[in-house]
Amino acid sequence: MVSIPRVVVAAPASGHGKTTVATGLLAAFAARGTRVAPFKIGPDYIDPGYHALAAGRPGRNLDAVLAGADRVAPLFAHGAAGAQLAIVEGVMGLYDGRVGEGDFGSTAHVAGLLGAPVILVVDATAQGRSVAAVVHGFRSFSTGVHIGGVILNRVGSDRHESLLREACEEVGAPVLGVLRRHDAVAAPSRHLGLIPAVERRAEASAAVDALASLIASSVDLDEVYALASSAGALPVQAWSPTEAVRTAAGRAGGVGAAGAGDGPAAAAAGARPVIAVAGGAAFSFGYAETTELLAAAGADVVTVDPLHDEKLPEGTRGLVVGGGFPEVYASQLSANASLRNEVSRLAFTGAPIVAECAGLLWLARTLDGTPMCNVLDVEAAMTPSLTLGYRDAVALADSVITPAGTRVSGHEFHRTMVSPRSGLLLAPRADAAWAWRGAEPEGFVTENVHASYLHLHWAGQPEIASRLVAAATAA
């Protein structure tokens with residue numbers, strides 16, 4: 001049983017102020033000395049970075065599509081360990097789930113899995129008494145969701161506030177806070193949304209501090225905590241990376257890639273391979289559970305920053321490169337020829353390399369004409385269109401992360417393209433990585449490299465870590 005006060009911050013739609021309120025609540029409670037645990041529903045990587053700044057601990061994702069609905073509550077319990085309060089930011093509108101699957105994966109779905117009450121953030125711009133209809137509609141739409149209070153955002157004046165409060169009282173919706181239009185704390189955006197906190201640490205820290213003051217002065221924190229405390233005990237056992245790796249190894253018969261055995265077995269024999277994980281401003285997209293699973297599988301995990309580190313960590317026998325913005329830092333990444341050459345040599349030695357999205361671009365020959373690592377014989381370039389959405393994919397070839405035929409749920413989020421699109425056009429030097437309905441095969445697989453646009457949450461496929469560590473041990 002997990003007993004921790006918890007509340008979900010939701011909205012009728014995107015753009016109402018969920019991130020402002022959730023980040024501000026985390027920062028305001030942390031400033032009061034409360035140990036807060038931050039979460040974000042869905043696959044978003046950027047908001048958790050701001051959550052982490054506010055809370056002083058990793059921001060984690062709760063995604064029923066990528067990790068599985070049955071893992072949402074255990075992952076929450078794992079991430080909330082030692083906290084006194086959990087704040088969960090929703091995704092899109094409260095009831096917006098995966099397209100074609102009702103509310104599956106929605107904020108409402110995850111709130112139900114957590115048994116957590118909801119605070120509805122409503123943009124009151126140009127609204128009067130009609131706000132009551134909005135709140136009433138969202139409260140009555142589903143009996144499985146408890147909306148325990150409302151925070152009104154972008155309120156114009158004292159008179160406007162009074163009108164809105166009276167309207168909410170008509171439908172019995174407690175108003176927990178009011179933010180004025182001039183209270184907005186700016187966070188700059190670009191082609192994939194907010195600029196990540198890691199790219200603007202000083203400014204982001206100042207913005208988080210400002211949000212703490214704003215929320216503390218505009219929201220009744222005691223009422224928020226009381227609402228969060230109304231959540232009952234959650235009958236769940238916390239997710240464990242060690243147990244996840246052990247269970248996955250059992251399903252696979254205890255054999256990882258290249259027949260080397262699973263990661264824990266290798267570690268027990270005294271051979272913990274060093275696996276470098278790309279980080280820093282250019283590669284800031286990743287889930288906290290990835291490194292936890294690698295460590296549980298028997299690796300020594302070390303971060304490498306491709307913008308500043310000229311060499312891979314000493315003894316590196318595997319490399320993981322997640323998402324981010326290499327297109328923004330292409331010239332700097334290219335100028336670091338020493339590290340680019342080391343990555344090329346690592347690939348040549350047969351050490352396993354796993355790259356997702358931004359990592360795929362870095363492994364390419366060029367990005368917008370600028371030289372990259374040249375591990376894959378492909379050209380990458382920016383495009384005007386956004387590719388976004390969940391994908392149910394099947395692995396087309398044996399690789400360092402999955403056997404052929406493995407089915408996964410992943411997510412695409414990019415404004416770039418690579419040519420060719422898949423390893424099918426590089427045969428026999430490479431195979432395609434994935435296929436899914438309605439699209440041509442995608443990604444690249446060689447004996448030791450797996451590179452694709454598809455983002456995976458490894459908690460949903462923990463055998464990836466075991467297989468990768470086994471391949472690194474054998475390299």
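Predicted model: local features only at pLDDT ≥ 70, side-chain atom pairs only at ≥ 80, totals over all residues.
**Entry 1: the sheet**

Residues are numbered from 1 along each chain as its sequence is written, and side-chain values use heavy atoms, with hydrogens and water left out.

Strands count as paired if DSSP finds at least two bridges between them.

Strand 13 (residues 353–356) and strand 20 (residues 449–452) run parallel, with four bridges. Glu-356 also has its opposite number there, Ser-452. Turning to strand 12, I found three bridges to strand 13, again parallel, and Val-321 opposite Ala-355.

I then looked up the side chains of strand 13. Ile-353 and Ala-355 point one way, Val-354 and Glu-356 the other, and all are buried (buried is under 20% relative accessible area, exposed over 50%, partly exposed in between, with a 1.4 Å probe and protein chains only).

Stepping back, I read the order of the six strands as 11-10-12-13-20-19, an open sheet with mixed pairing. Strand 11 (300–304) and strand 19 (444–445) are at the edges with a single partner strand each, so one side of each has no neighbour in the sheet.

**Entry 2: helices**

Next I checked what lies across the sheet. Helix 13 (residues 337–349) lies across strands 11, 12 and 13, at about 110 degrees to strand 12. Helix 15 (residues 463–474) lies across strands 10, 12 and 13, at about 145 degrees to strand 12. The axes are lines fitted to C-alpha atoms, for helices over the stretch in contact, and angles run from 0 to 180 degrees between N-to-C directions; contact means heavy atoms within 4.5 Å.

In helix 9 (residues 241–251) I noted Pro-241, Ala-244, Val-245, Ala-248 and Ala-249 as buried. Seen down the axis, the buried residues of helix 9 fall within an arc of 130 degrees, so they line one face; the arc is taken from the directions from the helix axis to the C-beta atoms.

**Entry 3: aromatic rings**

I found eight aromatic pairs in the structure. Rings of Phe, Tyr and Trp (its six-membered ring) pair if their centres lie within 6.5 Å; planes under 30 degrees apart are stacked, over 60 edge-to-face, the rest tilted.

Phe-283 and Trp-362 have ring centres 5.5 Å apart and planes at 55 degrees, so I logged the pair as tilted. Phe-283 sits in the loop between strand 10 (274–278) and helix 11 (288–296) and Trp-362 in helix 14 (residues 358–363), so the pair ties together parts 79 residues apart in sequence. Both are buried.

Phe-285 and Phe-325 are edge-to-face, at 5.3 Å centre to centre and 80 degrees between the planes. Both of these are buried too. I also saw that ring pairs link Tyr-45, Phe-285, Tyr-287 and Phe-325 into a cluster.

How values were computed:
Helix = DSSP H or I, 4+ residues; strand = E, 2+ residues; numbered from the N terminus.
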